[in-house]
Amino acid sequence: MDRASQTRAAQLLHHRSAGLKKGDPISLPIVPAATFHLPEVAGASHFYGRNGMTTWEAVEDQLALLEDAPCISFPSGMAAISAALMATLKVGAKLIIPADGYYVTRVLSEGFLAPFGVEVVEIATAAYAAHDFTGASVVYLETPSNPGLDVIDIAAVSARARAAGAVVIVDNTTMTPLLQRPLDLGADLVVAADTKAPAGHSDVLFGHVAGRDAALMARVKDWRRLSGAVPGPFEAWQVHRGIETLELRLERMCASAHVIAERLQAHGAVRNLRYPGLEGDASYQISKAQMQGFGFLIGFELADEARAERFLADCRYIVQSTSFGGTHTSGERRARWGDKVDPGFIRLSVGIEPLEPLWSAMEAALNA
Ligand SMILES: *Cc1c(COP(=O)(O)O)cnc(C)c1O
């Protein structure tokens, strides 16, 4: 993480400090309010809970420091993605999405946007580099892709997509703004599931949209207010607390993931391992250039479905769950969701366990 990102993490921790009055709590108060004192509308800071609530505004302040851009929060990553797409698409528009990205985005696009007259075009993450974006309204990318861990050169693809007149949306969930900064690389909007590493404790769903184009962001905000996809104050408070340790957790998770990727790759039972931080990996060069860390996700194959399931069940420090970015190391066989991967393919999300006990448990399960 470079100095600027470290500074952002420090600012995040102190974002409330300047506004504190004597005797105020240091921690963020939860304010469960649907209505506000409103003797007259003019000059009121808050009107009604669907328009704005202080507890989620505090999380948006934290996220805005990380993104260096205004942020609008949502009750889940998918609510944020839906908002960004609804704010930028209309009938007849052409939407380009990854064929190998987060599958719910594809299901949403095919099942709900296409019937409203959006032309949905799916291309492989690896094909973005050479794709002709002529006629596209929205070019949506996810890098590294989930779960394949292919990467896209965000600056190069954004420049070509914008030159073709498209709006560029980047799903930055796997990296977070501390490790990858799509807005600085030319994207118009960032969408992210803060459910993952930012909240970090596998106990809350949350998401956000970030962007520096005021008109686009106003539309995203209108979508939230009109669709009613608003976060709850308690959930916002959980994210506010979790994200305070994001930088610290990422440091451990990325460092451990790097060592574990090297050791797994050297193990005879492991095939086709992907980790963007390994010099031989197809994603290494671009990752090194545009990311400030190689992340905490590793993909690899064991011999077959049975071997992979046994590894996951036997390893005492891997929780078997979907999702990633939590404090606990987690893993799952992605083929169980229909991802087009080998039946023995495992996506591993490295958590914050101390490295050596974690590796010993994995090694024991691999050798069992
Ligand atoms: C989890 C995830 C989402 C969706 O987030 P939810 O909070 O589960 O709605 C979107 N994109 C990516 C890459 C994800 O991993």
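User: What makes the residues that line the largest cavity nonpolar, polar or charged?

Analyst: Ala, Val, Leu, Ile, Met, Phe, Trp, Tyr, Cys and Pro count as nonpolar, Asp, Glu, Lys and Arg as charged, and the others, Gly among them, as polar. The lining consists of Pro-144, Leu-149, Thr-174, Met-175, Pro-276, Phe-294, Gly-295, Phe-296 and Leu-297. By class this gives seven nonpolar, two polar and no charged residues.

The model is predicted: local features need pLDDT of at least 70 and side-chain atom pairs pLDDT 80 or more, while totals for chains, interfaces and linings use all residues. Residues are numbered from 1 along each chain as its sequence is written, and side-chain values use heavy atoms, with hydrogens and water left out.

User: Why is one space called a cavity and another a pocket?

Analyst: On a 1 Å grid over the protein atoms alone, a cavity is a set of points where a 1.4 Å probe fits but cannot get out; a pocket is an open set with protein on both sides within 12 Å along at least five of seven lines, and lining residues have an atom within 4 Å of a point. Grid points are joined across faces, edges and corners, and a volume is the space filled by probe spheres set on the points. By this rule there is one cavity of 30 Å³ or more. The largest cavity has a volume of about 40 Å³, and the largest pocket has about 340 Å³. Of the 21 residues lining that pocket, Tyr-102, Ala-193, Lys-196, Ser-323 and Phe-324 are the closest to its centre. Its lining has eight nonpolar, eight polar and five charged residues.

User: How do you know where the ligand sits?

Analyst: A molecule sits in a cavity or pocket if more than half of its atoms lie within 2 Å of its grid points. By that test the ligand sits in the largest pocket. The shell around the ligand has six nonpolar, five polar and three charged residues. Its largest share, three residues, comes from helix α3 (residues 77-88), where helices (H or I, at least four residues) and strands (E, at least two) are DSSP runs numbered from the N terminus.

User: Why is the bond between Thr-143 and Pro-144 worth a remark, and where is Pro-144?

Analyst: Most peptide bonds are trans. The bond joining Thr-143 and Pro-144 is cis, with omega about -5°, and Pro-144 lies in the loop between β4 (138-142) and α5 (154-163). A cis bond also joins Asn-146 and Pro-147, with omega about 15°.
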